[in-house]
Amino acid sequence: MNFEMIRKIFFSITTMLVLVMGLIVSIIIATLLERTYGSSATRLLVYNAWWFEILWIWFSLILFVNLIHFKLWQRKKWAMVLFPFAFMVILFGVILTRHFAEEGYLSLREGESSNQFGAKPFNLPFSLRLVDFRIERYKNSQKPSQFYSDVLIEDSKHNIEKPYSIYMNHILRYRGYRVYQYSFDKDEKGTIFFVARDPGTPVTYAGFFLLTIVIALAFFHPKSRIRELETEIRKSVRSLSGVILLCLMGIMCLGSSPFHIQMEKLYYRLRIFERLGKWFVLITCVVLLMSVIRFWSKNRFEKLFPVPEKLFQWAVWLGFLGLTMGLGIRWYLSGHAPLSNKYESMVFAAWASLLAGIALARHSRLPMICGSLLSGIVLLIAHTPSIDPSFSPLPPVLKSKLMITHVSIAMASYGFFSVGTALAFWNLLALAFPISGKENRFLRGVSTWSKITEQALWIGLLFITIGCILGAIWANETWGRYWGWDPKESWSLILILSYAMVLNLRFVIRSHWAYWLNVWALFAFGSLLMTYFGVNRFFSGMHTYGGEREAQFPFMVFWILGIWIALSLLAYRNRKRI
């Protein structure tokens, strides 16, 4: 058996995609096992198992083998060249963490001193004495604003006694160890620290840095897939537009004053988000109705349509400004970024979907239509009785600037994924029409819309990757672990792997790629729904709003799968017309 045969069997792109599917299935099974048997059993059977580690090493080897085989450096696709190195560095850091990290909990009562932590236990090269533990609460409330542990570092070897205050997002770093505020005793006279010494952290962070460079190149390098798609779309519609730009909101908190009271009254009187939900759904339905009229009228209303289309664009921009203003007012009134509970995350998701629709509408108005409709639907769902829209104090663990960037970028990726999925659904619907190619004028745009779909999914994938990197850094600065296989973390990884697999299927599916992209885009969207909604409903963890152990399986999933399969089959016959 020669090298080429070995490469095709064990290191081909097809093998890599099968391996990715295996990883996805393994992590899904692990999350289900965790819900039933707990995290310890799951780590033993899956996450810390030798075969799971082998799968990741095999995946990284495939990346390197294909880098050499296809001589990617000669094509000057530097994002694809650097990605295997970034992934290998991260994997090496994770292996160091798994096999050589020291971590565990250290409980201290006020006045008590110790240098032992963990179940083994491990010994610190210094001692910690708890001088005082205190809780700072919000005004007129029992909810904690911050936990403080005032300690004394006792290092006899260096003849040092140093006071230090440890609290959430403010850790103690000393002699290679990190000490985190984790919890406290019920009588508030003792504290619980999480202590870690991890040689893999600097290596993993170096991998994160390399991966960030890869993502930057994917956005801006002229030979990246996103830029190639932009060029193809521009040629197909004969437009001279530039690359897509994404603008994220930044609003300064102004503090409490009489103005604060007036703004609060204005916020409740206007009911901005609820009314904007109705507004977006209304204007989208109007423009869709006019599109149908234009389609069936066979050019009789051709001259009338550009006027309402222009009005629709202005209506969307007006709504976007209103939605941004509403988020800014809520940020000001709450004193923190509107990302701390389920209601606020849904409102921000609506904002992100609309932003994605506007950003992708460079060459077609359909993404803007999809973004407007999605935004309106999410806002209306956010105002159902089951979701509490009231302001809530920010828990101590969320008081971090990394939290704002991590969550906002991750939610921005949800916006692009959602708009891309809506475009994919529209494309399959257009292909499923039982009308000849000459009469079905929607078919003319499917090629362009499919390219925009792929572009939206690539941007979403890059954004969720950035969001997970920032989330890992935040977790390491808050809890002492940059990855803990929490259900939310596990499903975020499934989300990344699912879309990475879908977008790389084009190297295997050589014919009718546009059709298959639209089919699998709908399938991958299921991982997003599970990451955002399903994890909160079926699992409990540090990232969830509260799992429901007795939550019933939503049988609507079978209806959605049925529609997806039926639509894919109906569209299959017209796949050659793209």
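Arginine 330 and glutamate 344 pair up through their side chains in a salt bridge, with 2.9 Å from N to O; the term covers a side-chain nitrogen of Lys or Arg within 4 Å of a carboxyl oxygen of Asp or Glu. Arginine 330 belongs to helix H10 (residues 306-334) and glutamate 344 to helix H11 (residues 342-360), so the pair ties together parts that are 14 residues apart in sequence. Helices here are DSSP runs of H or I with at least four residues, strands are runs of E with at least two, and both are numbered from the N terminus. Arginine 330 is buried, at a relative accessible area of 1%, and glutamate 344 is buried too, at 1%. Buried stands for under 20% relative accessible area, exposed for over 50%, and partly exposed for anything in between, using a 1.4 Å probe and protein chains only. Arginine 330 also lies over the face of phenylalanine 391, at 4.3 Å from the ring centre. For a charge to sit over a ring, NZ of Lys or CZ of Arg has to be within 6 Å of the ring centre and within 35 degrees of the ring normal. Arginine 575 does something of this kind as well, with its charged end over the ring of tyrosine 572, 3.8 Å from the centre.

A word on the model itself: it is predicted, so local features need pLDDT of at least 70 and side-chain atom pairs count only at pLDDT 80 or more, while totals for chains, interfaces and linings use all residues. Residues are numbered from 1 along each chain as its sequence is written, and side-chain values use heavy atoms, with hydrogens and water left out.

Back to the charges. Side chains of opposite charge can pair when their charged atoms come close. The count comes to 14 salt bridges. One of them joins glutamate 477 to arginine 173, at 2.4 Å from N to O. Glutamate 477 is in helix H14 (residues 443-478) and arginine 173 in strand S6 (residues 172-174), so this pair ties together parts that are 304 residues apart in sequence. Glutamate 477 is partly exposed, with a relative accessible area of 22%. Another salt bridge links arginine 271 and glutamate 274, at 3.4 Å from N to O. Arginine 271 is partly exposed at 39%, and glutamate 274 is partly exposed at 24%. Salt bridges also form a network, made up of Arg225, Glu228, Glu454 and Arg506.

Now for the aromatic residues. The whole structure holds 45 aromatic pairs. Rings of Phe, Tyr and Trp (its six-membered ring) pair if their centres lie within 6.5 Å, and the planes decide the label: under 30 degrees apart is stacked, over 60 is edge-to-face, and the rest are tilted. Tyrosine 180 and phenylalanine 194 have ring centres 6.3 Å apart and planes at 55°, so the pair is tilted. With tyrosine 180 in strand S7 (residues 177-184) and phenylalanine 194 in strand S8 (residues 190-197), the pair ties together parts that are 14 residues apart in sequence. Both tyrosine 180 and phenylalanine 194 are buried. Tryptophan 317 is partly exposed at 41% relative accessibility, whereas phenylalanine 320 is buried at 10%. Elsewhere, a single aromatic cluster is formed by Tyr47, Trp51, Phe52, Trp56, Phe59, Phe83, Phe87, Trp483 and Trp485.

The largest nonpolar core has 164 residues, and Leu128, Phe273, Leu323 and Ile464 are those with the most contacts inside it. Such a core is a set of buried Ala, Val, Leu, Ile, Met, Phe, Trp, Tyr and Cys residues joined through side-chain atoms within 4.5 Å. Neighbours within four places in sequence aside, the contacts of leucine 323 include Phe273, Phe280, Trp351 and Ser375, where contact means heavy atoms within 4.5 Å.

Serine 372 is in helix H12 (residues 366-382) and is buried at 0% relative accessibility. Not counting residues up to four places away in sequence, serine 372 touches Phe280, Ile283, Thr284, Phe312, Val316 and Leu354. Threonine 15 is in helix H2 (residues 13-37) and counts as buried at 14%. Beyond neighbours within four places in sequence, threonine 15 is in contact with Lys8, Ile9, Phe10, Trp58 and Ile62.
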